[in-house]
Amino acid sequence: MTVRLPAITGIGSVSPHGPLAGLIPTTSVQPDIIAAWTTDGVRRAFLVKKFSPASVIPGLKTRRLDRVSAWALVASCLAIQDAGIDLTEVDRSRVAVVCATGFGCAELTEAFFQCASVNGWSGTDPVTFPETLANAPAAHVALVHDLRGPNITVGSKTFSSESALIQAATLIRHGQADMAIVLAGDTITKAVYSWYEVANLLSPACFSLEPVPADAGFVPSEGVAALVLEPAGSREVRSYAGLRSGRWAAGGHPAEAIRQMLNGSIPNLIIRAGNGAPCATSPSDRLAGEIAGYGVPILQPQPVAAGLAETGGLLHLILALSNRPGSGQALLLATSGENGFAAIHLELP
Amino acid sequence: MSDIHKTVVVTGIGVVSPYGMGMGRLEAGMLSGKSCLAPCHDLYPGFSGSTAQVYELPFLATGTGSHLSRTDRLAALAALDAVTDFDHKCVAFRESGVVMATTVGGLSEIDPEIGQDSAEWYRRGGLSRASTYPVAHVAVTVAERLGMRGPNCAVSVACASGAMAIALAANLLLDGAAPMMLAGGSDALCPFTLSGFNSLQALDPDPCRPFDRNRRGLNLGEGAAALVLETLAGARQRGANVLAVLRGWAMTNDASHPTAPHKQGIGLAACMRSAMEMAECGPDEIGYVNAHGTGTPLNDVAEANAYEGAFSERSRPVPVSSTKSYFGHCLGAAGALEAAITITAIRCGALFPTLRLTNPIESQSVDWLRGEVRRQPLPLAMSVSAGFGGSNAALIFGSERA
C-alpha cells in the first residue's frame, strides 16, 4: 500500500487575534480585562473579542451553541476557504473531523449546572443538554459541511492538539479518510478561570494592569484553531507544511523516541509548543538540543497560545508558520512533567 | 490480514459491570438471562426510573493523592482486570499506550452549586474534585495506575466513544506508536446525564425493550471495559494468549442532525460496510451483530434500516441483539462493554438474545434474537455503536482461528 503523507493546506482560527483565514499577522496581543462576570479586582486573560459568526461566514447559525462550537464552525469555514476547497467537488464521506478539547463545552455545562442549581435536577433544559457534550463542536462542523467521514473528539493531558493532529494524519495515511479538518480549542468561563485562580496557577499578570515579564507564568487564553489536512500532492495547492511523522507519550525516553521517529533526519528548526501551566517548566530546550544540536534555532511559545493550556498546539504551530520560518525540516515539540512529550516532524516548503 | 505485523489481536479483557468485577461474572450473568435493571429513586430528588448500578466497587487507593472520580475508578479497575496476567515490568508493557473513552468523566463529582459561585465551591473542597473534569483525566488515571508510558488520550464521542477508542487504539498500533494499546471506556451514573436524558424524555421508566414495537426509551447504566490490543507478531513474540482478532473497524458520521440518527441509517450502514471491507469479509460471514439498540423510538428504527442497507445481500437474515437490555446504556463505556460481550459470544459460541423483546420491529434483513441463548459456532461477529452528534463506529471481531 502506498503511504500517503499528509500536508497542511488550509488554516483558520478564532483567537484573541480575531477570526482569521490563513496565517496570523505577527503582532502581539495583550491580555484583556475580564468583564463577562463580576470579579474582585482586576482579572485578565487573552480573550476572543465578541463578533457575529454570521458576519464572518454569511448565513452561519450559531444561536444556542456553546462558544467553542460556534468558534469551531467559524474556524473550520475559514480553513476550508483558505485551502481553496469547493466542498461540492469533494467526496464528503471521506472527510474526517478530529477535534481536540480540554474542557469541552464548558460554557453550556456551567449553564446546565446553574439550571440544576436553580430548578433542581428535575428542571433542567433539554435544549442545552446535548450541547454540553464534548463532541458537539466536531458534530456541528460535520453537520454544517456535510462531512460524513470519521468524527472524533479527543483530549490528552497537555498534548490534546498534537494528539488530534497525529491521529488525523494517521487516518489519511491508512486510507481511512482523504481529508481531515483538525480543530483544537477551549473557552474561558467563570468556573474555568476560578479553578486556575483558586489552584494558584495564574501569573501575576492576570491581576495587574502593569507589564510583567513574559515568562512569569500562566495567562489563560481561549479560541479554536483549525487546519485542513490532505495527502500531499493530491491537488495543485499551496502547502504550509508536510507532516512526516508524529509521536506523543506520557513518559519514557523522549530523546530516544523522537530520534527513532526522525529516522536519521535532523530538524533545522524547533517550534516549541509549551503550555503556560507550571508543568511547562519541563526542559524542552534541553531536549531540543539533544535532538537537533544545541545551536538549533528554537521558536519559543507565545503566551497567547500557551494560555490554551490543553489545546494550544495548533495555535502554536499557526503562529510559528506565520513567522515565515523558512524551508526545511522542523520539529513541533512540547513537553510535560519529567518525560511526557509530543513531537511532530514537519517539512516546510 | 495475513501480515502478522498488521493483524491486531485482543490479548486481555477487563470488565466492571453491574454484574460485578470481571468477564466471568458478566458472562455468567448474561448466560443466565438475568437483567440488572432495577427501580432507582435515589440518584436525585424527583427521579424515578430504572437504572443498572455497579454495587460493591472494590477499594482503590487514590495513589498520588489526586482525586479519582467514579468514572476514573471504574476505568482503573477494568484496566487492572484486563492486565491481571501481564508482566507489568516488561518494556513492552511500560511503553504501551492508553485510549479510554468517557462522556461523563468527572461530571459525577461536581455539584450544581458550581454554577452559582464556582470559587466558593472550589474553596469548600471542590478544587480536587473538579480536577477530574477534563476529558483526558480518565486516560491519565489508567496510565498512571498501570505504569503505561506510551501515547495517552481520551475519546469523547457521546455513545460511540467506547467503540471508537478501540478503533483509534488499533490505528495507533498499526502506526507503530506503541507495542501494546489498552483501549476501552468508562462512565458512571450521575445526576447530570440522568437529568439530561430525562429532560429529553428519552428514558423508559421501566426496563427498556430495544427493537420492540412498544419500546419507550432507554435506561442508563454504568460500568467500564478495557481491551489489550497488540499485533499478532507482538503477541506471538511474548507468548500471549490470543482471545480474539480485531478484523476490521470503521468510523463515520451521519451529518444529518445534532441528536437524532439519520432515519434511514445511511451513515451507520456505510460504517458497517467499511468495517467489512477492512475485514475482507462479506455480509454472509457476519454471524452476529451486537447492536447499539438503545430502545429509543428513533434509534431503533434507524438502526433497523441501517441493517437493511448493510446486510440486504445476505442469503438469510443476520442475527442481531441489544445487550443494553441486560444492564442499560453505559454511554462512553457501552461500545467497549459490547465489544467484550461480542468477543464472549465468539468464544462461547453463544448468541445473547435481547431481553423483553416480544413484538419486534419488522425487518427483512434481521433475525432478532430473543428468548433463549442461541448456541452456534461464531467465527465472525460485529459490534456497532452510534451516538449524539451523528457518530458511528463498527468493530468486527473474529475467533483466533478465523
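## A mixed sheet in chain B

In chain B, strands E3, E4 and E8 make an open sheet, in the order E3-E4-E8, with mixed pairing. The model is predicted. Strand E3 (38-40) and strand E8 (220-221) of chain B are the edge strands. Each of them pairs on one side only.

Strand E4 (residues 49-52) of chain B runs parallel to E8(B). Two bridges join this pair. One residue of E8(B), Gly221(B), is the bridge partner of Ala52(B).

## The contact between chains A and B

The two chains meet through 57 residues of chain A and 57 residues of chain B. On the chain A side, several elements give two or more residues each. The helices are H3 (106-119), H4 (128-131), H5 (136-145), H6 (160-173) and H7 (190-198) of chain A. The strands are E6 (151-155) and E9 (241-249) of chain A.

H7(A) gives the largest share of this side, six residues. By residue class, the side of chain A that touches chain B holds 25 nonpolar, 23 polar and nine charged residues.

## Strand pairing across the chains

Strands of a sheet pair through backbone hydrogen bonds, in a parallel or an antiparallel sense. Which sense applies to E6(A) and strand E6 (residues 152-155) of chain B? The two strands pair in the antiparallel sense, over two bridges. Gly155(A) has Ala154(B) as its bridge partner in E6(B).

E6(A) is also among the elements that give two or more residues to the side of chain A that touches chain B.

Note on methods
Residues are numbered from 1 along each chain as its sequence is written. Chains are lettered from A and ligands numbered from 1 in the order in which they are written. This is a predicted model: local features need pLDDT of at least 70, side-chain atom pairs count only at pLDDT 80 or more; totals for chains, interfaces and linings use all residues. Two residues are in contact if their C-beta atoms, placed from the backbone, lie within 7 Å. Helices (H or I, at least four residues) and strands (E, at least two) are DSSP runs, numbered from the N terminus. Ala, Val, Leu, Ile, Met, Phe, Trp, Tyr, Cys and Pro count as nonpolar, Asp, Glu, Lys and Arg as charged, and the others, Gly among them, as polar. Two strands pair if DSSP finds at least two bridges between them.
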